[in-house]
Amino acid sequence: DGPNRNPMQAIMDGLRYVSRARPLATLLLLQSTVSLFGAVQPMMVVFAKDVYGTGPEGLGFLQSAVRLGAIFGSTALAMRGDVHNKGRLILVSGFLFGLSMIVFAHAPTMFIAIPVLVFCGFFDMLYGTTKQTLVQLMVDRRLMGRVMSLNSIAGRGFGQASGFQSGAL
């Protein structure tokens, strides 16, 4: 497993490991789905301009609301410490994240959208951080790098692709 190892073989080893570890595969599939269909940022410009009729300052408020919620979510997790029912927290926070995105999509004014986006950021942070922690706790340490690379693809890779599908819609 040294630096001269075939990269394609390493990728295949990671994929085989994940495919045999059902809970891990489920978490990565869930992350891929949430990342592909749950990214609010790609559509934020459209909402600011076309839905709420505001310019760059309104866009800044909308984007800042999500980030503020993420700060609140991170702080809540840090203050809480170890969460025992991580699976339950992932499901509940993922559901509430999706629900808050639906509410945001129907928010008639920016003044309603901003607090809803704070909740989006909050639940997204709870979901993402807890999912990341659970993945790291489940992985065989010898394959940590390979699995975390797949985790990054599921989160960041598909997250970037969400801009394409959002634009197409």
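Visitor: Why is V116 called buried?

Guide: In this predicted model, V116 has a relative accessible area of 12%. Buried means under 20%, so V116 counts as buried.

Visitor: Where is V116 placed, and how far is V116 from F104?

Guide: V116 sits in helix α6, residues 110–138. In sequence V116 and F104 are twelve residues apart, and their C-alpha atoms are 5.9 Å apart in space.

Visitor: What describes the packing of two helices?

Guide: The angle between the axes and the distance between the axes describe it.

Visitor: Which hand does the crossing of α4 and α6 have, and which residues make the contact?

Guide: The crossing of α4 past α6 is right-handed. The contact of α4 with α6 holds 17 nonpolar residues, seven polar and no charged.

Visitor: What makes α3 and α4 oblique to each other?

Guide: The axes of helix α3, residues 44–51, and α4 cross at roughly 140 degrees and come within 9 Å. Roughly antiparallel needs an angle over 145, and roughly perpendicular ends at 115. The value lies between these limits, and α3 and α4 are therefore oblique. The crossing of α3 and α4 is right-handed.

Visitor: How many aromatic pairs does a search of the whole structure find?

Guide: The search finds four. One of them is F47 with Y52, at 6.2 Å centre to centre and 40 degrees between the planes.

Visitor: Why do F47 and Y52 count as a pair, and what makes the pair tilted?

Guide: Ring centres must lie within 6.5 Å, and those of F47 and Y52 are 6.2 Å apart. Stacked needs planes under 30 degrees apart and edge-to-face over 60. At 40 degrees the pair is tilted.

Visitor: Are F47 and Y52 buried or exposed?

Guide: F47 has 14% relative accessibility and counts as buried. Y52 is buried too, with a relative accessible area of 13%. Ring pairs link F47, Y52 and F104 into a cluster.

Visitor: What makes the pair of F122 and F123 edge-to-face?

Guide: The ring centres of F122 and F123 are 5.2 Å apart and the planes stand at 80 degrees. Planes over 60 degrees apart count as edge-to-face, so the pair of F122 and F123 is named that way.

Visitor: Why is F122 called partly exposed, and why is F123 called buried?

Guide: F122 has a relative accessible area of 22%. Buried is under 20% and exposed over 50%, so F122 is partly exposed. F123, at 14%, counts as buried.

Visitor: How do you know that S93 is buried?

Guide: S93 has a relative accessible area of 1%. The cut-off is 20%, so S93 counts as buried. S93 is found in helix α5, residues 86–105.

Visitor: What does the side chain of S93 reach?

Guide: The side chain of S93 reaches the backbone oxygen of L89 at 2.6 Å. A polar contact has a limit of 3.5 Å.

Terms used. Residues numbered from 1 in each chain as written. Predicted model: local features only at pLDDT ≥ 70, side-chain atom pairs only at ≥ 80, totals over all residues. Heavy atoms only, no water. Axes fitted to C-alpha atoms, helices over the stretch in contact; angles between N-to-C directions. Helix = DSSP H or I, 4+ residues; strand = E, 2+ residues; numbered from the N terminus. Left-handed = near helix turned anticlockwise from the far one by under 90°. Nonpolar A, V, L, I, M, F, W, Y, C, P; charged D, E, K, R; others polar. Phe/Tyr/Trp six-rings, centres within 6.5 Å; stacked < 30°, edge-to-face > 60°. Buried < 20%, exposed > 50% of the residue type's maximum accessible area, 1.4 Å probe, protein only. Polar contact = N/O pair within 3.5 Å; in protein donor to acceptor, adjacent residues only side chain to side chain. Parallel < 35°, antiparallel > 145°, perpendicular 65-115°, else oblique.
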